[in-house]
Amino acid sequence: MLDFFFKFFLNKTPEKTYKIADSTKLKVCENKRIFNHKVAVGFAKRGKSSMGWFFGFKLHIICNGKKEILKANFTSGNKGDREGLIKNWNIRPVA
């Protein structure tokens, strides 16, 4: 599906005039093992995505029309997707 999306827009616009942003979860451990987990203590947090609850981090990526990664960063699991993408995009949030 993503390849179709890129092919569609490559035919419609010049290659580097648009950016695509996405966030994904990175699970550290299963939910039932949260209290025994000791590797990412203090950094990993419990969060919720469209697929349900998880314990870990979120990866935020911005790429261009050539599928080149422009920026990427990690946030704890309890941060919203907008927070990580605003940090990457270098824009101020609307008050």
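What follows is a working chat about a predicted model.

Colleague: What should I know before reading numbers off this?

Modeller: It is a predicted model, where local features need pLDDT of at least 70 and side-chain atom pairs count only at pLDDT 80 or more, while totals for chains, interfaces and linings use all residues. Residues are numbered from 1 along each chain as its sequence is written, and side-chain values use heavy atoms, with hydrogens and water left out.

Colleague: How many helices and strands does the protein have?

Modeller: There are 2 helices and 4 strands, in the order α-β-β-β-β-α along the sequence. Both kinds are DSSP runs numbered from the N terminus: helices are H or I with at least four residues, strands are E with at least two.

Colleague: Which residues of helix α2 are buried?

Modeller: Gly-84, Leu-85 and Asn-88, in a helix that spans residues 81–89. They fall within an arc of 95° seen down the axis of α2, so they line one face of the helix. That arc is taken from the directions from the helix axis to the C-beta atoms. Buried means under 20% relative accessible area, exposed over 50%, and partly exposed in between, with a 1.4 Å probe and protein chains only.

Colleague: And what does the face turned away from the buried side carry?

Modeller: The exposed residues Arg-82 and Lys-87.

Colleague: What do the buried residues of α2 pack against?

Modeller: Strands β1, β3 (52–64) and β4 (69–76).

Colleague: Switching to Ser-23: is it buried or exposed?

Modeller: Ser-23 is buried, at 18% relative accessible area. It lies in strand β1, residues 19–29.

Colleague: Which residues does Ser-23 touch?

Modeller: Leaving out residues up to four places away in sequence, Ser-23 touches Leu-59, His-60, Asp-81 and Leu-85. Contact here means heavy atoms within 4.5 Å. The side chains of Ser-23 and His-60 are also joined by a polar contact of 2.7 Å. A polar contact is a pair of N or O atoms within 3.5 Å; within protein, one must be able to donate a hydrogen and the other to accept it, and residues adjacent in sequence count only if both atoms are side-chain atoms.

Colleague: How many salt bridges?

Modeller: The structure holds 1, between Lys-27 and Glu-30, with the closest N and O atoms 3.7 Å apart. The term needs a side-chain nitrogen of Lys or Arg within 4 Å of a carboxyl oxygen of Asp or Glu. Lys-27 is partly exposed at 45% relative accessibility, and Glu-30 is partly exposed at 44%.
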